[in-house]
Amino acid sequence: MARFCVGDIEALLFAAFPATDALEDDRFGLLVGDRKTIVSRVAVSLDQTIPMIEAAAAQSCNLLVSHHPAFWMAPDSFLAADSAAVSSGAVVLRAAQRGVALLCLHTCLDCAPAAASMLLEPVGLEFALPLRAHGTGSLGQIARPAKGREFITLGELAASYQQSFGGVAKVWGDPAKPVFTVATCSGGASEVVSEVIAAGVDCFVTGELRHHEALYLSDSNIALIELGHDLSELPYRYYLRESLVTGGFPASDIVVLEPSATWWQPGSE
């Protein structure tokens, strides 16, 4: 059986989600570890946090692959702590202590053609064109209802996301509003709001926006569905897993980790 080192896994994932697709000044790739280290098992998560590192180590994984990086700005200390809020380099220190390498794909995934349907297919939408063309793919998509439907109401669309993604944080707009075109962009999508407005779509689906950005959309008669940053990007874990399996890494040695914490809404518990 072929043995993979950390560098092999990085190259395998960059073949699926090119580094050249990452947005400018992004934090991605191998952040902690040695590319020559042989990989025993791989954990896949949304985030690189101390609980995720501990969960990976507990299942004998010495590589944690994620969407989000462990840090955005370079840490200013590497002190032992239970949270990066106390020491910005605490996650890096814990990873080194536990022998878990940290690799993330971040906006390589966000812009990947392979993931363009992530927010579309589960709710019956079909890709029409890029929201913002970038690299080999796009940051965001513009879509229409599939299966020959001319439109779907905002209420129906929100219910479909609720069922497919396990929750919806907020909905702005009239539930009866007919939706002919939809723009989607996972995570925090503040930087594409102007493009959404320029596209003149009926609804924008994303992870989260600032309050005033939501108002700008409302002023432009564009409905908004905020799934929650985490829920909009959790499916990336499975894209990463499938890319590892396609690249020849044993499926039995891949562990998909659940988030250690998330939000909830009163009445939904």
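1. Start with Phe-249, which counts as buried because its relative accessibility is 3%. Here, buried means under 20% relative accessible area, exposed means over 50%, and partly exposed is in between, using a 1.4 Å probe and protein chains only. Phe-4 is buried too, at 12%. Keep in mind that this is a predicted model, where local features need pLDDT of at least 70, side-chain atom pairs count only at pLDDT 80 or more, and totals for chains, interfaces and linings use all residues. Residues are numbered from 1 along each chain as its sequence is written, and side-chain values use heavy atoms, with hydrogens and water left out.

2. Next, the aromatic pairs: the structure holds four. Phe-4 and Phe-249 form one that is edge-to-face, with 5.4 Å centre to centre and 65° between the planes. Phe-4 sits in the segment before helix H1 (6-16) and Phe-249 in the loop between helix H9 (236-246) and strand S15 (254-256), so this pair ties together parts that are 245 residues apart in sequence. For the terms, rings of Phe, Tyr and Trp (its six-membered ring) pair if their centres lie within 6.5 Å; planes under 30 degrees apart are stacked, over 60 edge-to-face, and the rest tilted. Helices (H or I, at least four residues) and strands (E, at least two) are DSSP runs, numbered from the N terminus.

3. Now for Phe-151 and Phe-180. Their ring centres are 5.2 Å apart and their planes are at 50°, so the pair is tilted. Phe-151 belongs to the loop between strand S8 (141-145) and strand S9 (152-153), while Phe-180 belongs to the loop between strand S11 (178-179) and S12, so the pair ties together parts 29 residues apart in sequence. Phe-151 is partly exposed at 33%, and Phe-180 is partly exposed with a relative accessible area of 33%.

4. What about the chain as a whole? It has nine helices and 15 strands. With 269 residues, a compact globule would have a radius of gyration near 18 Å, and the chain's 19 Å agrees. That radius is taken over C-alpha atoms, and the globule rule is 2.2 Å times the number of residues to the power 0.38. Along the principal axes, the C-alpha atoms fill a box of roughly 55 × 40 × 35 Å. Buried residues make up 50% of the 269. Of the contacts (heavy atoms within 4.5 Å) with a separation of 6 or more, 62% are between residues 24 or more positions apart.

5. Which residues are closest to the centre of the largest pocket? First, its volume is about 280 Å³. Of the 18 residues that line this pocket, the closest to its centre are Leu-23, Thr-107, Asp-110, Gly-188 and Glu-191. Helix H4 (106-110), strand S12 (182-188) and helix H8 (229-233) each supply at least two lining residues, and S12 gives the most, with four. By class, the lining has five nonpolar, eight polar and five charged residues. Ala, Val, Leu, Ile, Met, Phe, Trp, Tyr, Cys and Pro count as nonpolar, Asp, Glu, Lys and Arg as charged, and the others, Gly among them, as polar.

6. About 80 Å³ of space lies in the largest cavity. Of the 13 residues that line the largest cavity, the closest to its centre are Asp-110, Gln-141, Cys-185, Ser-186 and Tyr-236. S12 supplies the largest share of this lining, three residues. The lining divides into eight nonpolar, four polar and one charged. On a 1 Å grid over the protein atoms alone, a cavity is a set of points where a 1.4 Å probe fits but cannot get out, and a pocket is an open set with protein on both sides within 12 Å along at least five of seven lines; lining residues have an atom within 4 Å of a point. Grid points are joined across faces, edges and corners, and a volume is the space filled by probe spheres set on the points.

7. Helix H3 (residues 90-98) has Ala-90, Val-91, Val-92, Arg-94 and Ala-95 as its buried residues. Strand S1 (29-32), helix H2 (50-58) and strand S4 (101-104) are among what covers them.

8. Last, a backbone detail: Asp-25 has a positive phi near 65° and is not a glycine. Asp-25 is found in the loop between H1 and S1, and is exposed at 64% relative accessible area.
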